[in-house]
Amino acid sequence: MRIVLLGPPGAGKGTQAQVIAGRFGIPAISTGDIFRANVSGQTELGQQAKTYMDAGDLVPDEITVAMVKDRLAEPDAKVGFLLDGFPRTIAQAEQLRDSLSDLGHRIDCVLELVVDEDELVRRLSGRRVVVDGKPVQRDDDRPDTVRHRLEVYREQTAPVAGFYEEAGLLSRIDAIGEVEEVTERAMDACGASQPGQSTAS
Ligand code: ADP
């Protein structure tokens, strides 16, 4: 199963990515997490990415696509994968399609988590991540950077949903509600609803 998870910052992609990937037994690959790990490890890739990330801008496609290709070549991604935070531009989506098709593969299912913008701003400004046991605000969760990231999403990433819609792969998922409810909607959309776990109640 090869899944792409789309959605604006604050839609809950990271949480859903873990749960959905776990249910399918595939790795969840988050480009944001890989970049952040490189920033804290002070690698060359981290140094290249940091300025863009702190500003809430996208890291250039060239850097991002090369990183994802390397990651997808690792053995655990042979059985499938869930991409969280990639592709984020049409160019990234096209390059992903082409490099998968060279291997005779394709994306099976694309999920777009939908949350209205007021709720996103509320969630992001209250979000804290745990570093060294303490809750801290991510540098790019400051209110002005959040607004800029939402703008970048609207301009550069929202069209990626259209790209997959044209390919007949897109499901839009209402991402408001309990984590489990959202997961069930997503599993249904990828054709994997489990008998006995009806979402109707
Ligand atoms: P969020 O979804 O909350 O914005 P992410 O962790 O997915 O957070 O991404 C954080 C930052 O990492 C982005 O703002 C961007 O700078 C960079 N980044 C992540 N994925 C990509 C990508 N596919 N292309 C370009 N930049 C990316």
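Contact here means heavy atoms within 4.5 Å, and helices (H or I, at least four residues) and strands (E, at least two) are DSSP runs numbered from the N terminus. The model is a predicted one, where local features need pLDDT of at least 70, side-chain atom pairs count only at pLDDT 80 or more, and totals for chains, interfaces and linings use all residues. Residues are numbered from 1 along each chain as its sequence is written, and side-chain values use heavy atoms, with hydrogens and water left out.

**View 1. Where α2 meets α4.** On the α2 side we have Thr31, Ile34 and Phe35, which touch Ile63, Thr64, Met67, Val68 and Arg71 of α4. Helix α2 spans residues 31-40 and α4 spans 61-72; they pack at about 100°, axes 11 Å apart (axes are lines fitted to C-alpha atoms, for helices over the stretch in contact, and angles run from 0 to 180 degrees between N-to-C directions). That makes the pair roughly perpendicular (65 to 115 degrees; under 35 is roughly parallel, over 145 roughly antiparallel, the rest oblique).

**View 2. The open sheet.** Five strands line up as β2-β3-β1-β4-β7, with parallel pairing (two strands pair if DSSP finds at least two bridges between them). At the edges sit β2 (28-30) and β7 (170-174), each pairing on one side only. From one strand to the next, the twist averages 25°.

View 3. Strand β4 (residues 109-114) runs parallel to β7, joined by 5 bridges. Leu113 sits opposite Ile173 of β7. Helix α8 (residues 179-189) packs on the sheet and touches both β4 and β7, its direction making about 165° with that of β7.
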